[in-house]
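Please view the sequence and the structure together before reading on.

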Amino acid sequence: MGSGNVEAPISLMSDFLRQCGGVAVIDGGLATELERNGADLNDPLWSAKCLLTSPHLIRKVHLDYLEAGSDIIITASYQATIQGLWPKAFLKERVKPCLKEVWKLPLSHEIYIMENVVNVSVMELVMCQISLKLRLLLSFLRKKDIKIPAWFAFNSKDGINVVSGDSLLECAAIAEACKRVIAVGINCTPPRFIHNLILSVKKVTTKPILIYPNSGESYDPDRKEWVQNTGVSDEDFVSYVNTWCEAGASLVGGCCRTTPNTIRAIHTTLVNKSNSPSLKLSL
Ligand SMILES: [Zn+2]
């Protein structure tokens with residue numbers, strides 16, 4: 001499978017999930033893991049800063065996640081906009097390789113690229129904005145005839161709506177209507193909200209549902225640090241995995257503050273589940 005195969009993007013994802021045993025493992029937090037490996041990300045580029053200053057750390061974290069059992073690796077492109085990279089790269093010659101590394105097509109600010117280890121390339125579109133922006137983005141995908149499949153992930157702070165306050169159901173339904181979108185789901189949201197959010201998304205989509213929750217800790221933007229007292233342990237996080245899959249999730253990973261240990265535990269849980277005759281995962 002490759003990014004050029006767009007005849008049947010949904011079957012492309014179904015085939016991929018089948019190869020993964022029914023559920024694919026997405027990687028875990030990138031920026032927070034880069035920081036754990038010594039990177040200073042106090043910068044508007046956030047994790048993308050390392051594309052310029054320490055690409056070896058990005059490589060290391062990607063490899064750590066692959067070794068932990070990730071089927072999918074998300075690139076360090078969250079803040080890698082042209083506007084952001086230009087003043088940091090100083091020289092055009094340095095911007096271009098960065099863009100080549102993480103972007104495969106002309107991009108708007110909201111479009112990011114994800115590539116995985118079996119050469120399925122999809123765009124990861126993280127939405128916490130209003131549904132109007134979502135419609136514009138889907139219109140962009142159609143008008144530009146972009147061939148690369150996309151997935152949409154929404155985050156929620158109240159367990160009901162997306163961060164902007166817009167209806168998750170409405171946003172997911174809009175994404176459902178686009179052929180280029182091969183999965184819809186939730187990212188960077190506390191684990192305690194995920195089960196009900198999966199059930200909500202399931203009401204309006206037939207596409208595979210992806211989830212990559214954060215650790216449950218919250219980020220204090222004033223102190224510029226994570227507040228740990230609401231976090232869940234890896235064991236607690238992983239204890240939700242079977243429930244999330246039974247509710248309908250087909251791609252499971254982690255976002256901020258999750259680590260290779262989290263992903264390893266998710267991978268082990270899914271392997272054990274798929275080996276259990278009574279609990280066979282189905283597509
Ligand atoms: Zn996150």
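Which residue stands opposite L210 in strand 7? That residue is G185. The model is a predicted one, in which local features need pLDDT of at least 70, side-chain atom pairs count only at pLDDT 80 or more, and totals for chains, interfaces and linings use all residues. Residues are numbered from 1 along each chain as its sequence is written.

**Overall composition**

The protein contains 12 helices and 10 strands; these are DSSP runs numbered from the N terminus, with helices (H or I) of at least four residues and strands (E) of at least two. Of its 283 residues, 43% count as buried. A residue is buried if 20 or more other C-beta atoms lie within 10 Å of its own, exposed if 12 or fewer, and partly exposed in between, with C-beta atoms placed from the backbone. Among contacts between residues at least 6 apart in sequence, 73% join residues at least 24 apart; two residues are in contact if their C-beta atoms, placed from the backbone, lie within 7 Å.

**Strands 5, 6 and 7**

Strand 6 (residues 181-187) pairs with strand 7 (residues 209-212) in the parallel sense over 4 bridges. Two strands pair if DSSP finds at least two bridges between them. Strand 5 (residues 150-154) also runs parallel to strand 6, joined to it by 5 bridges, and A150 stands opposite V181 in strand 6.

Strand 5 is mostly covered, with 5 of its 5 residues buried. From this strand A150, F152 and F154 point one way, while W151 and A153 point the other way. Strand 7 is likewise covered on both faces: I209 and I211 on one side and L210 and Y212 on the other are all buried.

**Helices 8 and 9**

Two packed helices are described by the angle between their axes and the distance between the axes. The axes of helix 8 (residues 168-176) and helix 9 (residues 191-204) come within 8 Å and cross at roughly 45°, which makes helix 8 oblique to helix 9. Axes here are lines fitted to C-alpha atoms, for helices over the stretch in contact, and angles run from 0 to 180 degrees between N-to-C directions. Angles under 35 degrees count as roughly parallel, over 145 as roughly antiparallel, 65 to 115 as roughly perpendicular and the rest as oblique.

On the side of helix 8, L168, L169, A172, A173 and E176 take part in the contact, meeting L197, S200, V201, K203 and V204 of helix 9. By class, this contact has 7 nonpolar, 1 polar and 2 charged residues. Ala, Val, Leu, Ile, Met, Phe, Trp, Tyr, Cys and Pro count as nonpolar, Asp, Glu, Lys and Arg as charged, and the others, Gly among them, as polar.

C188 counts as buried because 22 other C-beta atoms lie within 10 Å, and R257 is buried with 25.

V238 belongs to helix 10 (residues 234-239). With 23 C-beta neighbours inside 10 Å, V238 is buried. Leaving aside neighbours within four places in sequence, V238 is in contact with A265, I266 and T269. The C-alpha atoms of V238 and T262, 24 residues apart along the chain, are separated by 7.2 Å.
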